[in-house]
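Okay, thanks for coming, everyone. I'd like to walk you through one model today, so let me put it on the screen.

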Amino acid sequence: MMNDNNPGYILTEIWNARDSWIALSSDERQRFFDEKIGPFIGSMLENGAEFLGCAINDNDGAERIDYQYMAVWRLPNKAFSDRLEAGAKERGFLDYFDQANISGVSISAPVMNADMIKLGK
């Protein structure tokens with residue numbers, strides 16, 4: 001799916017737990033992941049998603065954003081990214097987590113730098 005002609009699409013998700021998540025018991029939380037999130041993520045991986053990694057935010061610099069968790073994906077295209085985002089919402093993830101996303105076609109640093117240089121011209 002991803003090759004030199006299609007470098008893929010990058011999706012970065014960041015989120016914090018809502019009070020609704022904190023209110024659940026550990027068993028309810030585990031069941032949510034076992035029954036809703038795990039199978040969904042598995043199907044995304046089987047269909048071309050590449051999970052690049054996740055982290056708990058430990059940045060303590062001045063530019064830190066106030067989100068606790070993050071995940072980074074490489075996906076075949078924007079439509080696939082849209083499906084992943086919609087699927088998380090359909091399965092109730094956003095009922096329990098305040099999430100923000102950033103995404104775009106994977107490009108090289110020189111291409112990104114050239115775009116930033118030409119801003120405003």
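**Pockets, core and rings**

Let's start with the largest pocket: strand 1, helix 2, strand 3, helix 3 and strand 4 (97–105) each put at least two residues into its lining. Helices (H or I, at least four residues) and strands (E, at least two) are DSSP runs, numbered from the N terminus.

Quick housekeeping: this is a predicted model, so local features need pLDDT of at least 70 and side-chain atom pairs count only at pLDDT 80 or more, while totals for chains, interfaces and linings use all residues. Residues are numbered from 1 along each chain as its sequence is written, and side-chain values use heavy atoms, with hydrogens and water left out.

Back to that pocket. On a 1 Å grid over the protein atoms alone, where a 1.4 Å probe fits, a pocket is an open set of points with protein on both sides within 12 Å along at least five of seven lines, and lining residues have an atom within 4 Å of a point. Here we get about 220 Å³, the volume being the space filled by probe spheres set on the points, which are joined across faces, edges and corners. Of the 15 lining residues, Glu 13, Ile 37, Ile 41, Trp 73 and Phe 93 lie nearest the centre. Helix 2 has the largest share, 5 residues.

Now, which residues touch the most other members of the largest nonpolar core? Out of 18, they're Met 44, Ala 49, Trp 73, Leu 75, Leu 84 and Phe 93. A nonpolar core means buried Ala, Val, Leu, Ile, Met, Phe, Trp, Tyr and Cys residues joined through side-chain atoms within 4.5 Å. Buried is under 20% relative accessible area, exposed over 50%, partly exposed in between (1.4 Å probe, protein chains only). Helix 2 gives the most to this core too, with 4 residues.

Last topic, the rings. There are 10 aromatic pairs in the whole structure; Phe, Tyr and Trp rings (six-membered for Trp) pair with centres within 6.5 Å, and planes under 30 degrees apart are stacked, over 60 edge-to-face, the rest tilted. Trp 15 and Tyr 69 are stacked, 6.0 Å centre to centre with 25° between the planes. They sit 54 residues apart, in strand 1 and strand 3. Trp 15 is buried at 14%, whereas Tyr 69 is partly exposed at 27%. Trp 21 and Phe 32 have centres 5.7 Å apart and planes at 70°, so that one's edge-to-face.
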